Amino acid sequence: MSSFLERQQASFTGSMSAAASQIAGKKRALAPPSPSPSVTSTTSVPTATTPHKDRDHTPSVLSQPLQTGFGETNIAQMSYAIQWLRSKAGQPQTIHDVIGYLSIAGGEPAHMAFAENMRKNPRIEWTPDPNLSEQTWETGTYQHKPIINVKTKTELLAYLQARADATPVEVKDLKDGWPDCEKGINELELDHKILVIRAKKDGVPRLVWQDDASLHHKVDPQFISMWNRVEIPPVDSIVQRLKAVGQKATSDDPRDKAQAPRVEKKKKRAARRTGKATNLHMEHLLQDYSHYRK
């Protein structure tokens, strides 16, 4: 009898070892354990599931074409064209020069469409050929059109004087057409012809206003030293010090204002209407007929 049990045990152990080797050799998704363990859930072999597919490489109908090269889109090509024309300041370029630099493919239809977009771009200035009565997509020259067309100190002062408002001019807009404008800005600031706001971190000019040199007056350094030595009283005691010398402060001392206790306002209840209400216009309808009851 014992030999029969030993054979059953050896057979069960062999089957479990074979199942364990198969599970280790293949990656399978195991089902979540059941809330209440049972004999079936502990001895059942998990079934194979559908292999996971990488969805990132699945083609989609609504997906846009990938960027496969340098400036494949029209917007990128236009940005590169503007940067190149900025580097060629003062040197007008033809459409073929621009297309050759960008290496735009697509043949003549693509070149015609790009030339039309360049003429509509506000950052590009197109000059027609004066020797031709009719212009084509190949005629004319192109130049970079800066945000502010200023390239010298004299032009900057004229631009500031012609402004109708007092809004500042951003230096980054000046650099679009005048890349090395910082030197001229520093010289004009020393001459008190412009006001400059600089960054606190590196001192780079950020904003520019017009200034009037006639309003600038040199102050004696000794007076500046005496002014800086004057002690300014703290805010808490300045009112008391003014009262001590017989002067009236423009504002009351905050310490004199005792904080009054907050009293909650009780809601007033509406007075209850007392007395008999009568409707004179309906008096003939509201007569008492109770004596007619039987």
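Buried residues, those under 20% relative accessible area (1.4 Å probe, protein chains only; over 50% is exposed, and in between is partly exposed), make up 17% of the 294 residues in the protein. The structure is a predicted model, in which local features need pLDDT of at least 70 and side-chain atom pairs count only at pLDDT 80 or more, while totals for chains, interfaces and linings use all residues. Residues are numbered from 1 along each chain as its sequence is written, and side-chain values use heavy atoms, with hydrogens and water left out.

**Overall composition**

- The protein contains 10 helices and five strands; these are DSSP runs numbered from the N terminus, with helices being H or I of at least four residues and strands being E of at least two.
- Its accessible surface comes to about 25100 Å², of which 56% belongs to carbon and sulfur atoms; the areas come from the Shrake-Rupley method with a 1.4 Å probe, and for residues only the protein chains shown count as cover.
- Of the contacts (heavy atoms within 4.5 Å) with a separation of 6 or more, 41% are between residues 24 or more positions apart.

**The open sheet**

- Strands of a sheet pair through backbone hydrogen bonds, either parallel or antiparallel.
- Here, three strands form an open sheet in the order 3-5-4, with antiparallel pairing; two strands pair if DSSP finds at least two bridges between them.
- Strand 3 (169–170) and strand 4 (194–198) each have a single partner strand and stand at the edges, so one side of each is left without a neighbour in the sheet.
- Five bridges link strand 4 to strand 5 (residues 205–210) in the antiparallel sense; Leu195 has Trp209 as its bridge partner, and Val196 has Val208.
- Strand 3 and strand 5 also run antiparallel and are joined by two bridges, with Val169 opposite Val208.
- Six residues separate strand 4 from strand 5 in a hairpin, and Gly203 in the turn has a positive phi of about 75 degrees.

**The largest pocket**

- Rolling a probe the size of a water molecule over the atoms shows where empty space is left.
- A pocket is found on a 1 Å grid over the protein atoms alone, as an open set of points where a 1.4 Å probe fits, with protein on both sides within 12 Å along at least five of seven lines; lining residues have an atom within 4 Å of a point.
- The largest pocket has a volume of about 250 Å³, a volume being the space filled by probe spheres set on the points, which are joined across faces, edges and corners.
- Its lining consists of 15 residues, and Ala89, Gly90, His144, Pro146 and Lys151 lie nearest the centre.
- Helix 3 (74–87), strand 2 (141–144) and helix 7 (171–177) are the elements that give two or more residues to this lining.
- The lining divides into four nonpolar, five polar and six charged residues; Ala, Val, Leu, Ile, Met, Phe, Trp, Tyr, Cys and Pro count as nonpolar, Asp, Glu, Lys and Arg as charged, and the others, Gly among them, as polar.
- His144 lies in strand 2 and is buried, with a relative accessible area of 14%.
- Apart from neighbours within four places in sequence, His144 is in contact with Ile82, Leu85, Arg86, Arg123 and Asp176.

- Most residues other than glycine have a negative phi.
- Ser103, although not a glycine, has a positive phi of about 55 degrees; this residue is in the loop between helix 4 (95–102) and helix 5 (107–120) and is exposed, with a relative accessible area of 57%.
- His192 also has a positive phi, near 60 degrees; His192 lies in the loop between helix 8 (181–190) and strand 4 and is partly exposed, with a relative accessible area of 27%.
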